[in-house]
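Let's walk through a protein model together, one stretch at a time.

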Amino acid sequence: RLSQVWRASPLAIFAVAPQPGQPDPGTLITAEAPIRARLQSYQPDRISIEVESDRATRATVAVAWSPKWHARLDGEALSLSRAADGLLELDLPAGTSMLTLHFRPDVWDRLGLAVSVLTLVGLILLAVQGRSSTPLYPSIQS
């Protein structure tokens with residue numbers, strides 16, 4: 001499944017060939033049944049893949065599972081689960097569909113941001129208060 005594309009000893013680059021009935025590995029998706037797929041767009045927090053299957057199947061997306069990933073299939077919310085290898089797993093219906101994955105912050109991210117902002121404000125207030133209680137140029141005593 002690997003073919004050498006480039007080599008300059010000791011380094012080499014290999015291309016990965018898809019398994020029979022599966023799309024190119026660059027589409028980031030494989031399934032239990034034969035499928036066709038095309039990566040529509042990729043950003044670190046948003047991925048869109050057009051998928052076509054002759055029958056309903058279970059699919060794996062080559063993205064590390066996190067509860068912050070949310071999926072939509074043709075605009076409808078879709079449940080994601082964690083595959084045995086730690087990747088995203090989902091059910092695909094028969095036919096052509098547009099799968100969109102979106103990584104969104106959760107309540108813990110917002111809480112962390114709030115704590116950080118409050119800490120920064122507190123440190124600034126302490127610095128301002130400390131400056132106002134000590135003279136700018138301390139007097140020299142003999």
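Asp-74 sits in the loop between β7 and β8 (76–78); strands here are DSSP runs (E, at least two residues), numbered from the N terminus. Its phi is near 55 degrees, a positive value in a residue other than glycine. Asp-74 counts as partly exposed because its relative accessibility is 48%; buried means under 20% relative accessible area, exposed over 50%, and partly exposed in between, using a 1.4 Å probe and protein chains only.

Before going on, note that this is a predicted model, in which local features need pLDDT of at least 70 and side-chain atom pairs count only at pLDDT 80 or more, while totals for chains, interfaces and linings use all residues. Residues are numbered from 1 along each chain as its sequence is written, and side-chain values use heavy atoms, with hydrogens and water left out.

Leu-28, in the loop between β2 and β3, also has a positive phi in a residue other than glycine, near 75 degrees. Another backbone feature is the peptide bond from Ser-9 to Pro-10, which is cis, with omega near 10 degrees. Pro-10 belongs to the loop between β1 (2–8) and β2 (11–16). Most residues other than glycine have a negative phi, and most peptide bonds are trans.

Now look for the sheet. Four strands form an open sheet in the order β3-β6-β10-β9, with antiparallel pairing; two strands pair if DSSP finds at least two bridges between them. β3 and β9 (81–82) stand at the edges with a single partner strand each, so one side of each has no neighbour in the sheet. Between the antiparallel strands β3 and β6 there are three bridges, and Ile-29 has Val-61 in β6 as its bridge partner.

On strand β9 you will find Ser-81, which counts as partly exposed because its relative accessibility is 23%. Ser-81 touches Arg-58, Trp-65, Leu-87, Leu-88 and Glu-89, leaving aside residues up to four places away in sequence; contact means heavy atoms within 4.5 Å.

What does the largest nonpolar core contain? It has 18 residues, and those with the most contacts inside it are Ile-29, Val-61, Leu-99 and Leu-101. Such a core is a set of buried Ala, Val, Leu, Ile, Met, Phe, Trp, Tyr and Cys residues joined through side-chain atoms within 4.5 Å. Strands that each supply at least two residues of this core include β5 (46–53), β7 (69–73) and β11 (95–103). Leu-101 touches several residues beyond four places away in sequence, among them Val-61, Trp-69 and Leu-88. In soluble globular proteins, nonpolar side chains tend to be buried together.

A loop residue can be buried too: Ser-66 lies between β6 and β7 and counts as buried because its relative accessibility is 16%. Beyond four places away in sequence, Ser-66 touches Leu-88 and Phe-103.

Which residues lie nearest the centre of the largest pocket? They are Arg-1, Pro-25, Leu-28, Ile-29 and Thr-30, out of 14 lining residues. β3 and β6 are the elements that give two or more residues to this lining.

Methods: On a 1 Å grid over the protein atoms alone, a cavity is a set of points where a 1.4 Å probe fits but cannot get out, and a pocket is an open set with protein on both sides within 12 Å along at least five of seven lines; lining residues have an atom within 4 Å of a point.
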